[in-house]
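Here are a few exercises to work through with the model open. Try each one yourself before you read the solution.

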Amino acid sequence: MSAAMQSGPVTREITPRIARWVVAGLALVWAVPFWWMLVAAFRPAGSGADASLLPSLTPTLANFAEAWASADFPLYFLNSAVLCAGILAVQLVTASLAGYVFARLEFPGRGFLFALFLVQLMLVPVVLLVPNLKTVAALGLYDTLPGVMAPYCATAFGTFLMRQSFREVPRELEDAAMIDGAGWWARIRLIYLPLTKPALVAFSIVSVTSHWNEFLWPLMVINSPDKRPLTLGLASFTLSAEGMQAWGLIAAGTFLVSLPLLAAFLIFQRRFVNSFLASGIK
Amino acid sequence: MLLPLALLSPSLVFLALFTYWPVVEVLWDATHAATRRGTRFVGLDNFAALFADPTFQRALLNNALYALGTVVPSLVLALAFALALNGAGRMRALMRAVFFLPVMIPLVAAAALFLFLFLPGIGLIDHHLARLGFAGANWLGDPDLALAAITVLTVWKNAGYYMLFVLAGLQAIPDEAREAALLDGAGPWQRLRHVTLPALRPTFAFVGVIALLNAVTQVDHVFVLTKGGPSDATKLLLFYIYEQAAERYDAGRAAAATVVTLALLAALTALSLSRSQGPETAR
């Protein structure tokens, strides 16, 4: 995988110089919403300077304390974490098993089955909202976290990614293990999975990021306030705080909800970028 | 034959439940109507009613405008960002991170931030416009402006993501091509036009389709910012389906709209398979 965030000197020559100044200006514009979020979140309430982009001289954590207390963010955090961890755990199993089948086993109908898997790339659950909701209800999973997780348990993207990376593992390693009497599960666990860690990490990053940020499908499935993930919690919190014109609170709530992934991204930039590029393979 | 099926079965169970069966169900629902004694086959009646519904027509038009308004600027910006920020250096790394950060936050969080940006009078945009001597507007409350406002938010959110693919595409261009152009005395603009852009064509075909798919499948911000209003100005396809199903309980109408949306997505995906080499450009 290439390191898109880096590059050699030759590519620089294709850039007209004026473009670089324009882009630097755009970077400032791009940063404004985030900058405002930070400034507003740490500004004392009632200072009447909502639209100011200058940081307060007396920064405060009061907005965070109030947001944290008023909207049960701890519970939303927990729900989101359970959702992401649950989805990922099942996906890693289903995707490695299916990826192994499509990478290494020969059987009639393999091409057809693989094509059938790839159909899912297009049929994202949000488009099939209504029928999926009926299925979830029929399974008795309406208004439960497993109901939110269920449509994501099989993953065409994960299967595709694992198939590609399993194929790069030398077949001789598996043959040797087979001679030693290792069954299919031992071969996947002891040979394929350890050797394809980068792909597993890339898939995990994309999976967790997309489900942490998801809104519409959980909105359809979840009814009880105590089962809301962060995004649903933030949306209802925002709409109630908007009525009070409490912009510092909204900024603090938004910051709280966005913080985990933003922090992870800033720490592991390269890994995130490479994972997102891998996600474009779909 | 047994082992492959056994290993595929966990995936196949979920795919059957949440991908294949829903398609069958939505086709069934779209061609049936509820009666007192169960359901009745009505052929294409639901579709006829759907296309006759002015709100649906509006949603189709809105979504087309929204797709055009997000895809073209996002791609142009992604190209500009990538061209300017390709290469090493602290400032470049910082700017790339700035453009990419919006990708990492939930769309509802972006919507929460833009709620204040777009606030009439005292909001971030109007407040600073006023200081510069310009009149503000009711960005989200004016039917002529609301769709443009959510388009701006979407471009802000997604352009950095598309930038990644353009950066990767730039690095896949062989140095020889540029060196040859340099030796021929081509200036920066000429090199851009005759070397770089043609080489990036597959990347753009691929990223363009992702952006189009996003324009249909991402509607979270509509829930927070406008709820489809004012006067249907920001009603997009998926929001229309949600409304028919969750608020009007019109299963036939919702299913017919879903079938139309699926047909659009299928057409776009077919386009992407025929026009781009996704895997190659993405690496």
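**Exercise 1.** Leaving aside its neighbours within four places in sequence, which residues is Trp30(A) in contact with?

Some ground rules before the solution. This is a predicted model, where local features need pLDDT of at least 70 and side-chain atom pairs count only at pLDDT 80 or more, while totals for chains, interfaces and linings use all residues. Residues are numbered from 1 along each chain as written, chains are lettered from A and ligands numbered from 1 in written order, and side-chain values use heavy atoms, leaving out hydrogens and water.

Step 1: look for heavy atoms within 4.5 Å, the cut-off for contact. Step 2: read off the partners, Leu77(B), Phe81(B), Val98(B), Phe99(B), Pro102(B), Val155(B), Trp156(B) and Ala159(B).

**Exercise 2.** Work out how the rings of Trp30(A) and Phe99(B) are arranged.

Step 1: rings of Phe, Tyr and Trp (its six-membered ring) pair if their centres lie within 6.5 Å; planes under 30 degrees apart are stacked, over 60 edge-to-face, the rest tilted. Step 2: here the centres are 5.7 Å apart with 75 degrees between the planes, so call it edge-to-face. Step 3: Trp30(A) sits in helix α1 of chain A and Phe99(B) in helix α4 (residues 90-104) of chain B, so the pair joins two chains. Helices here are DSSP runs (H or I, at least four residues), numbered from the N terminus.

**Exercise 3.** Are Trp30(A) and Phe99(B) buried or exposed?

Step 1: buried means under 20% relative accessible area, exposed over 50%, and partly exposed in between (1.4 Å probe, protein chains only). Step 2: both Trp30(A) and Phe99(B) are buried.
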